[in-house]
Amino acid sequence: MKLVFLGAPGAGKGTHANFVSDYLGIPVISAGNLLRDAIRLGTPLGKQVKGIMDQGNLVPDEITIKLMKEKLAEPECANGVIFDGFPRTIGQAEALDGIVDVDVVISLEVPDEVIMKRMEGRLTCPKCQTTYHIVCNPPKEEGICDVCGTALGVRDDDKPEVVRNRFKVYHELTEPIKEHYSATGKLKLVSGRENVQETSDLVFKAIGIKR
Ligand code: AMP
């Protein structure tokens with residue numbers, strides 16, 4: 001199965017992509033995580049994209065498309081894959097059409113102001129990139145990642161002024177992708193306003209999985 005998760009920054013793409021990944025046993029490819037890994041490791045790519053990401057702008061298509069192609073060529077992606085945060089432009093969507101046949105595109109629909117409130121409490125593990133929320137999805141031990149034990153922090157681009165720009169970029173460049181996929185009948189709009197469990201149920205139903 002090949003799935004795409006669309007949605008505004010902070011809509012819950014990563015969280016719900018990971019639930020589906022655990023259930024189906026296929027990997028999530030997150031463009032944002034791959035780019036942050038490159039920054040953390042200080043690679044030439046990381047140095048090239050850090051400033052762009054810190055401002056909440058999109059990394060050029062040729063970079064993300066190349067990253068995705070390399071990742072998709074890995075054996076773990078042979079049985080299916082879940083894209084989180086890719087494609088983010090029409091150019092990326094068209095490139096993806098030429099590489100894989102996507103089965104379902106889930107668009108998590110959450111109003112900007114609801115997300116802004118949620119993002120206030122978002123914490124991220126700088127090492128394994130698992131995300132938490134102080135109230136809705138807290139780690140077992142305060143401030144510590146459940147998965148790898150690293151101290152949690154706030155992502156540089158989760159600061160309110162950068163988040164505002166990320167919304168603008170989403171509405172201008174990413175949202176038009178919905179039309180691209182609705183024309184193919186693959187697009188499923190899912191309300192991401194509910195609590196995590198309810199939204200997860202809606203996501204599984206939209207994909208056609210009975211748990
Ligand atoms: P995310 O972790 O998905 O919220 O992405 C964080 C940041 O990474 C975005 O604000 C962009 O700067 C960059 N990024 C992630 N995915 C893409 C993409 N598909 N195209 C361009 N830039 C991306």
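Me: Before we start, what is a strand here?
Reply: Strands are DSSP runs of E, at least two residues long, numbered from the N terminus. Keep in mind that this is a predicted model.

Me: OK. How many cavities of 30 Å³ or more turn up in the whole structure?
Reply: A search of the whole structure finds one. The largest cavity has a volume of about 30 Å³.

Me: Which residues line the largest cavity?
Reply: The lining is Phe5, Leu6, Gly7, Lys13, Gly85, Phe86, Pro87, Arg88, Tyr170 and Thr174.

Me: And which elements give two or more residues to that lining?
Reply: Strand S1 (2-7) and helix H7 (160-174). S1 gives the largest share, three residues.

Me: Phe86 is in that list. Is Phe86 buried or exposed?
Reply: Phe86 is buried, and Phe83 is too.

Me: New topic, aromatics. How many aromatic pairs does a search of the whole structure find?
Reply: Two. Tyr23 and Phe204 form an edge-to-face pair, with 5.4 Å centre to centre and 90° between the planes.

Me: Where do Tyr23 and Phe204 lie?
Reply: Tyr23 is in helix H1 (residues 13-24) and Phe204 is in helix H9 (residues 196-207), so the pair ties together parts that are 181 residues apart in sequence.

Me: How accessible are Tyr23 and Phe204?
Reply: Tyr23 is partly exposed, with a relative accessible area of 42%. Phe204 counts as buried, at 2% relative accessibility.

Me: What about the rings of Phe83 and Phe86?
Reply: Their centres are 6.2 Å apart and their planes are at 45°, so that pair is tilted.

Me: Back to Phe204. What sits over the ring of Phe204?
Reply: The charged end of Arg211, 3.6 Å from the ring centre.

Me: Let's switch to helix H3. Which residues of H3 are buried?
Reply: H3 covers residues 44-54, and Gly46, Val49 and Met53 are buried there. They cover an arc of only 85° around the axis, which puts them on the same side of H3.

Me: And which residues are exposed on the other side of H3?
Reply: Pro44, Lys47 and Gln48.

Me: What do the buried residues of H3 pack against?
Reply: Helix H2 (31-41) and helix H4 (61-72).

Terms used
Residues numbered from 1 in each chain as written. Predicted model: local features only at pLDDT ≥ 70, side-chain atom pairs only at ≥ 80, totals over all residues. Heavy atoms only, no water. Buried < 20%, exposed > 50% of the residue type's maximum accessible area, 1.4 Å probe, protein only. Helix = DSSP H or I, 4+ residues; strand = E, 2+ residues; numbered from the N terminus. Arc of directions from axis to C-beta. Contact = heavy atoms within 4.5 Å. Phe/Tyr/Trp six-rings, centres within 6.5 Å; stacked < 30°, edge-to-face > 60°. Lys NZ or Arg CZ within 6 Å of the ring centre and 35° of its normal. 1 Å grid on protein atoms, 1.4 Å probe; cavity = no way out; pocket = protein on both sides within 12 Å on 5 of 7 lines; lining within 4 Å. Points joined across faces, edges and corners; volume = space filled by probe spheres on them.
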